[in-house]
Amino acid sequence: MEASSYRVVFEKGGVYLHTSARKHQDPDSLIAGVIRVVEKDSDVLLHWAPVEEAGDPTQILFSKKDSSGVEPSTTEEEPTFDPGYEPDWAVISTVRPRPHLAEPRRGAEPSCPQSSWAFSVSLGELKSIRRSKPGLSWAYLVLVTQAGGSLPALHFHRGGTRALLRVLSRYLLLASSPQDPRLYLVFPHDSSALSNSFHHLQLFDQDSSNVVSRFLQDPYSTTFSSFSRVTNFFRGALQPHPEGASPPDLPLRPDDEPEPGFEVISCVELGQRPTVERGPPVTEEEWTRHVGPDGRLHNIPELKNRIFSGGLSPGLRREAWKFLLGYLSWEGSAEEHKAHVRKKTDEYFRMKLQWKSVSAEQERRNSLLHGYRSLIERDVSRTDRTNKFYEGPENPGLGLLNDILLTYCMYHFDLGYVQGMSDLLSPILFVVQNEVDAFWCFCGFMELVHGNFEESQETMKRQLGQLLLLLRVLDQPLCDFLDSQDSGSLCFCFRWLLIWFKREFPFPDVLRLWEVLWTGLPGPSLHLLVACAILDMERDALMLSGFGANEILKHINELTMKLSVEDVLTRAEALYRQLTACPELPHNVQEVLGLAQPKEPSSPSPPISPLPLSTRAPLPPRPPREDVVAQPDSSLEILPEDDDGADS
C-alpha cells in the first residue's frame, strides 16, 4: 500500500454507535470509535472503526502519520455540557446526556464482535444526511446512501459534528430539504447537480439550468437578482475558496434549528447604539402620590415605567413586590386587598396542614413527599447562609423557607420541588418577611419561570436558542468566535436563565434586577437582553485573550459577584432600543422581543432558530412604554416543533 495514495483529512474520536434500542444504554451497547474522512486516489471515503480496531495500525486501512512517524492522538479536549455551577445543587436531575437511539441497519446483533460494525463509504454514494434536533444532549448524524439504506447513527459524545460537516462541504454540496429542515440533500460539485439541487429546493420559478449558468459566471449579481430566499450556504459554497480551506459560510450548525425561509444575516444592519440613563429609585413618597383615597393606585403605567428605569427604594419593596408579583391587584382598593389577603391566608394554611398532618409512618410509604422533604432540607441548609437574615444554626428564616417550599409542593403537585427554587424564594422572604405573603409572591414568580424547572427542559432549550438568535443579530463576530471554540450553544449561560442571575450579582443587586424584570418592560425578554449585555461587556476579554472552551467557562464563572447591576441594565436597555430602531428587524427576532405575534404556520414548523433569521417583516410602530404592561415570561410562545417520528 503506497503511503502517498491515502491522506486522512479529518479524524475525530469519541464517535459512538448505540447498538441497543433500550431507552437507557448499557455500557456494553455503546461502541466507541473513530470517524475519518480519507482521500484515496481519486475517491473520498468516510470511514468509521471501533477504538480497538482504529487504534491497531495493522488493522487500520488508512493511518494518519506526521513527519515523525508518530500517529497523532485522535482525542481532542472538548468539554461536555457543563452549566457552570457546583454539581451538588441546581443541575436539574434531567440535565444529562440523553442519546437519540437508532437501530443498527447492518443485521448484526449487539453481541457480535465490535469490528463487525466498522464501515467505509464513498462520499459519492451518499444521498442525504439527517442531523439530530438541537438540545443539551449528544448530537448525532444519520447517513443515507443512494441505494436507500441507512448507516448506523453516529453519536458524537465529545462534539465534532460541525467540524465533520465543514470537511464534507469541501467535497459535496449540502442543501436543506424544503420538506424536512433537519434533512440535508447531498450533491456533488458539478453544474448538473447544482441545477438538480435548485430544482429540489424550489428556489426559482424559471429554468434552473439557466440560473446555474449565470450563477457560476457572476454569483453575486445572480444571487441578488434571482434569489428571493437563500441561505448563507449558497453564497459560501459556490464561491471558489483556497484548496484545503473550508468554505466560509456553512449553513449547517448541528445544534441549530433552521426555519423555512432564510435570510442572509449580514443584511441586518443595526444603527448606532443609543445612550441610556437610568433614573433614581422610586421612593415611598413618590409611591404615595400614586395612591388614591380608597387605596387604589393611579397612573399605573407611569409607575411601572419609573420602577423599570430606577427600581425601588428598599423601604418600599415590601409593599410594591406584592403588586409586581401579582399577589395584589394593581387596580384593587385597600378593602379589596384586605379581603384578598384573608382569603389567601386561609388557603395557605389549609395547604400547609396537608403535609403537616402526615405522620412519620405515612411518610415512609410516601416516597415522593419524603424525597421532596429531604431535598428541601438539604438545599435550605445552604441557601444564602452568609446573609444575616439566614445565618446561624437555628435561624427561624430557614424554617420558613422549608415550610413555604413544602407547601408549594401541595400547591403545585405536578412540579413539586426542584433544586434551585430555594434560591428564588430566599430574596422574596427576605423582603416581605411574612410567611403567607412570601408564599403567594413566590407563586407569582414561579408562574413566570416554572418552565425552567420542568423535566423536559424544553423551556430552557428554547431560551438558549432565543438568546443565541439575539446575540447573532447584535454581534455576529462574537458568535463566530464562540462557535470556533465549541461554545456556540451558550450552555455557560444556563444558570443565568435558570434562576434569573441569582448567583451572578450581590444580594442587593439581585433585588434591584428582579424588580426591574418583573415590570415586564420594555418587553417579555429583558432577561435575555441582560444576558446579551453581560456577554457584550465581556466581549473583548473573551475574544482578545484567545480563550478556548474551558477558559471561556472559567471566565464566565469568575464574573460572579463582580458585575454591576446598573451597568448591565443600562446596556440591556440600550441593546433593546438598538434592535427596535432597526426598520427591517427579522420577524422571528420581533417575536422574541414581543414586538410581533408568532406567525400562524400552515404546516408544522421548527422552533426559533439560533442561526438563520426568518424572512423579514416590517417592524410595527414601537408602543409607548407606558402602554406595555405584559409580565416577563421565560416560557415564550414559538412555532410548534416538527414531528420526531422522522428520526426513528
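Predicted model: local features only at pLDDT ≥ 70, side-chain atom pairs only at ≥ 80, totals over all residues.
Buried residues, meaning those under 20% relative accessible area with a 1.4 Å probe and protein chains only, make up 55% of the 648 residues in the protein chain. Residues are numbered from 1 along each chain as its sequence is written, and side-chain values use heavy atoms, leaving out hydrogens and water.

The chain holds 24 helices and nine strands; these are DSSP runs numbered from the N terminus, helices being H or I of at least four residues and strands E of at least two.

Let me turn to the interior. A nonpolar core is a set of buried Ala, Val, Leu, Ile, Met, Phe, Trp, Tyr and Cys residues joined through side-chain atoms within 4.5 Å. The largest one has 118 residues, and those touching the most other members include Met 421, Phe 445 and Trp 518. Its largest share, eleven residues, comes from helix 15 (residues 435-449). A second, separate core of 28 residues includes Leu 17, Trp 117, Ile 129 and Leu 143.

Leu 143 is found in strand 6 (residues 139-145) and is buried, with a relative accessible area of 3%. Beyond residues up to four places away in sequence, its contacts (heavy atoms within 4.5 Å) include Leu 46, Leu 126 and Ile 129.

Next, the charged side chains. A salt bridge is a side-chain nitrogen of Lys or Arg within 4 Å of a carboxyl oxygen of Asp or Glu, and the count comes to 32. Asp 536 forms one with Arg 273, the closest N and O atoms being 2.9 Å apart. Why does this pair tie together parts that are 263 residues apart in sequence? Asp 536 lies in helix 20 (residues 526-537), whereas Arg 273 lies in the loop between helix 6 (232-237) and helix 7 (284-289), so the bridge joins those parts. Asp 536 counts as buried at 17% relative accessibility, while Arg 273 is partly exposed at 31%.

Glu 515 forms a salt bridge with Arg 317, with the closest N and O atoms 2.8 Å apart. Glu 515 is in helix 19 (residues 507-518) and Arg 317 in helix 9 (residues 314-324), 198 residues apart. Glu 515 is buried at 0% relative accessibility, and Arg 317 is buried at 7%. Both belong to a network of salt bridges that also links Arg 278, Arg 512 and Glu 566.

Methods: Buried < 20%, exposed > 50% of the residue type's maximum accessible area, 1.4 Å probe, protein only.
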